[in-house]
Structure formats: C-alpha cells, structure tokens
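Q: Could we go through this model together, starting with the backbone and then moving on to the ligand?

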Amino acid sequence: MLTGMRVVIGVTGGIAAYKIPLLVRILVKEGAAVRVVMTRHAEKFVSPLTLRTLSGNPVLSRMFDADGGPSMAHIEWPREADLMVIAPATANFIGKMAHGIADDLLSTMVLTLNTPLLIVPSMNTRMVNHPAVVQNLAILRERGIHILDAETGDLACGEEGAGRMAEVDEIVQVARALLVPSGSLSGKRVIVTAGPTLEPIDPVRYIGNRSSGKMGYAVAAEAQRRGAAVTLVSGPSGLEPPRGVQIVRVTTALEMREALLARFAETDVLIMAAAVGDYRVVDPAPEKIKKGPVTRSLELTANPDILQELSRRRDRQVLVGFAAETDHLEAEARRKLSEKGLDLLVANDVSKPDSGFGADNNRVLILDRLGGRETTDLVPKGEVAGRLLDRLSAAFL
Ligand code: PMT
C-alpha cells in the first residue's frame, strides 16, 4: 500500500498518454495522493477532466493562473511530493530535461524537484535509437534520475520495435519500490535524536549550540517512510515533526538521557544526530543573574556521554552516532566510532557554511565498524538520511 505517499505524475504529449488514467487509478487505489501536470500536447491525447476525476485533484498545465498571475505550483507541488513520475516522456521532453530547459509548468517543476524522479520514455523506434536521445537519457541517468526503459513491441504508428512505453503495472511496481525502498525498516523501532541541548545558566540564559534539528528530523522522516515506528527525541527546534513520528521534547542533556534510558530496552536502532552539550553549569542560578563585574566565571561540569553509556548497556540495539568536526574529520570520526562502541558513524565538517549546522544540505563521511566507508557530495539532508539507512539496513539489520 502507498497510504500517505504523495505522487506527482507529469504527462507529456505521446500516444501512450491514454494509459495514464489507469496509472492514476491504481496509485489512488493503493492510497497515494496523486496530482497530475500535463504539457499542452498531452492534452491532445488524454482529457484533463478524466485525470482530474480519477485523481480527485486539479490538473495543471499552465505557468499562470486563470487571472494571469503566476502560480506557485511549480515550487509547491514538487516540494510536497515523495515521488514524481513522468509518463509518457517524449524525446522532446527528455531533451529539455537533459539541458535544463524550463519553458512550461512541467519542465519548470522538474528543476525545483528534490525527491526521486522516474521517467518512462515512449516514442518511435528511430527516435529512441537516435544518438541525441540516447545521449540525453545517459545524461539523465548520470544525474540519478530513474528511467524505466521503453519496451520492444507493436507501436501505435504501426511499426514494430523499441519505443513502447512500459506497462502500467510495471510503472506501479517501480514507483512502489522508489516510495518504499528496499532496506525497509518495517517492524523496527527506531529512536532518532535531533537538535541542540540547552544548558541553563539562570532562568533566562543558557549554553547551547547551532543545531537546527534539520539533520535528525530528516533521518526520522526517512526511517518512518521506510516503515519503522519512529520516536524523535528532540532538543528545542522550530521544525514541524514529520508526520507519523512520535515526538518527545527535551531541553537539557540530562533530560535527553532520561528520555533515552526510558525507551532504550524497547528499541532496535538508536540514531543520535543531536548536538548534545558536553558541559552544563554546576549550579544554575534560580533568579536572573544581575549585571555586575566586568568578568565572571561559570563553573561547568561534564554531561554524561549518553551514546557511550547506552553502548555499554546494549544487548541487540544497533547504535549510530554523528560527529561534528572542524578539523581532522576522518581521524576523529574513527576515534569516536571505536571509543563509543558504535556500529555506524556519520561525520560532518561543521566549519563550512553550506553544510552541517542549520543548512538544508550536508556533505558527510559514513564509517561502519565492519570497515565500510563512503562519502557524499553536498546533497540534501534527506539524501544523507537515505544513504545512512541504506548502509544500516544492508550491514546491520
Ligand atoms: O541540526 P542541524 O542544524 O541539521 O545540524 C546537524 C548536526 C551538525 C548537528 C549533525 O549532523 C551532527 O553532527 N550531530 C552530532 C553533533 C555532536 O554532538 O557531535 P559530537 O562529535 O560532539 O558527538 C558525537 C556523538 O555523541 C553524537 O552522536 C552525539 O549525539 C553523541 N553525544 C555527544 C555528547 C554527549 N554528551 N552525549 C552524546 O551522546
């Protein structure tokens, strides 16, 4: 079932568009929320009214609203989607995608998309074999776009050969695999920590750090999408918890420790993306500290290392840590992996403005205790979460 999944289907102008109402019907029956975007030529092959009726949503094709104002759908629909499918994808549309051309609503949406994209080519044999099309498809594949290759068989033009759009059942199968990837965490209980801890100095001041919670929330969302029962133990963060995730809010490192100790025995996987304060103030003042001498000192004491403590208590739990470093990234990551007794560790360089704290993207090194090592380019935090969970599922579950 695809309950709760949001799919945008882009239809371009090929005869195979007549099969798309069936695709919409099946995805809706499986519980997905489906939205359809059409190119002007696609409207010649299949009626927007049919697709509107079957999807239960407005069907869009123009960049501008009826009143002439710009629509924001080219940003909103891709942002809200878990998957985009373009079927049929014509040679023209594939060419536009390969070269970043955005001259209508659907091609503009492709450029704002941040989630997996599946394209299903359909065209005449000579077109599918044309070097330009072959090269354009190779560019898209290189970019990580999923392509469900055209099949060989009878074509609508009366010829026989390669170019026929893959069957609707096959499109559904691939869409399902992309929405609920292998490495499913179904039946697993996963705790993710996120955000900073804030250690009080007095009732109005604290020692904190710059964690926004984005990395941990992305891991929680991805684990939930893969079928896990997820509890997110979060330090103060302005983010909305992902749908379907149980949220436990804490402020200090000691509160985070309590929340984790209470749940650890029932947990299969603990992923600590939170930036836990290493120190707290020994005696936070009960009243606001008044302005006074030019210099003041705070007496600090070390917080317990939660991950290390849980590592000593574990029986079957898989433990994942994050390491925030400003130098000697790999050496420090290896030291933490071993000293904290972890299965897997994700290290990020937090001295760079485009990644680490507060950013939407991250660039990480993933190490595991079996000697596995991989790095990512600068990618959205959701993608880092996916890579981490892929490795975790493959090696430890
Ligand atoms: O929240 P964002 O803005 O998206 O930023 C993401 C992030 C940079 C916070 C995240 O990617 C990250 O690196 N989190 C770990 C930050 C950190 O505390 O690193 P550390 O190297 O100090 O700690 C190593 C591991 O031990 C971490 O898993 C940490 O949660 C854990 N720890 C640390 C101290 C402590 N007292 N107890 C712990 O359990």
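Q: Which strand is Pro 88 found in?
A: This is a predicted model, and in it Pro 88 is found in strand S4, which covers residues 83–89.

Q: And the peptide bond from Ala 87 to Pro 88, cis or trans?
A: That bond is cis, with an omega near -10 degrees. As a general point, most peptide bonds are trans.

Q: What about phi of His 328, positive or negative?
A: Phi of His 328 is positive, near 50 degrees, and the residue is not a glycine. In general, most residues other than glycine have a negative phi.

Q: Where is the place of His 328?
A: His 328 belongs to the loop between S17 and helix H13, the latter running over 329–339.

Q: Switching to the ligand, which pocket does it sit in?
A: The ligand sits in the second largest pocket, whose volume is about 720 Å³.

Q: Which elements give two or more residues to the shell around the ligand?
A: Those elements are helix H10 (214–225), helix H12 (306–313) and strand S17 (318–325), and of these S17 gives the most to the shell, with four residues.

Q: How many residues are around the ligand, and which come nearest?
A: There are 27 residues around the ligand, and Ser 211, Ser 212, Lys 336, Asn 348 and Gly 358 come nearest. The shell divides into 14 nonpolar, seven polar and six charged residues.

Q: What is the ligand's oxygen distance to the side chain of Lys 381?
A: An oxygen atom of the ligand is 2.7 Å from an N or O atom in the side chain of Lys 381. For the side chain of Lys 340, the distance from a ligand oxygen atom to an N or O atom is 2.9 Å, while a polar backbone atom of Lys 214 is 3.3 Å from an oxygen atom of the ligand.

Q: How much of the ligand does the protein bury?
A: The protein buries 96% of the 770 Å² that the ligand exposes when taken alone.

Q: Back to the pocket, then: how many residues line it, and which lie nearest its centre?
A: The second largest pocket is lined by 36 residues, and Ala 274, Ala 275, Val 276, Phe 322 and Ala 324 lie nearest its centre. Two or more lining residues come from each of H10, H12, S17 and strand S18 (344–349), with S17 giving the most, four residues.

Q: And how does that lining split by class?
A: By class, the lining of the second largest pocket has 18 nonpolar, 12 polar and six charged residues.

Definitions and conventions: Residues are numbered from 1 along each chain as its sequence is written. This is a predicted model: local features need pLDDT of at least 70, side-chain atom pairs count only at pLDDT 80 or more; totals for chains, interfaces and linings use all residues. Side-chain values use heavy atoms; hydrogens and water are left out. A residue is near a molecule or strand if one of its heavy atoms lies within 4 Å of it. A polar contact is a pair of N or O atoms within 3.5 Å; within protein, one must be able to donate a hydrogen and the other to accept it, and residues adjacent in sequence count only if both atoms are side-chain atoms. Accessible areas come from the Shrake-Rupley method with a 1.4 Å probe; for residues, only the protein chains shown count as cover. On a 1 Å grid over the protein atoms alone, a cavity is a set of points where a 1.4 Å probe fits but cannot get out, and a pocket is an open set with protein on both sides within 12 Å along at least five of seven lines; lining residues have an atom within 4 Å of a point. A molecule sits in a cavity or pocket if more than half of its atoms lie within 2 Å of its grid points. Ala, Val, Leu, Ile, Met, Phe, Trp, Tyr, Cys and Pro count as nonpolar, Asp, Glu, Lys and Arg as charged, and the others, Gly among them, as polar. Grid points are joined across faces, edges and corners, and a volume is the space filled by probe spheres set on the points.
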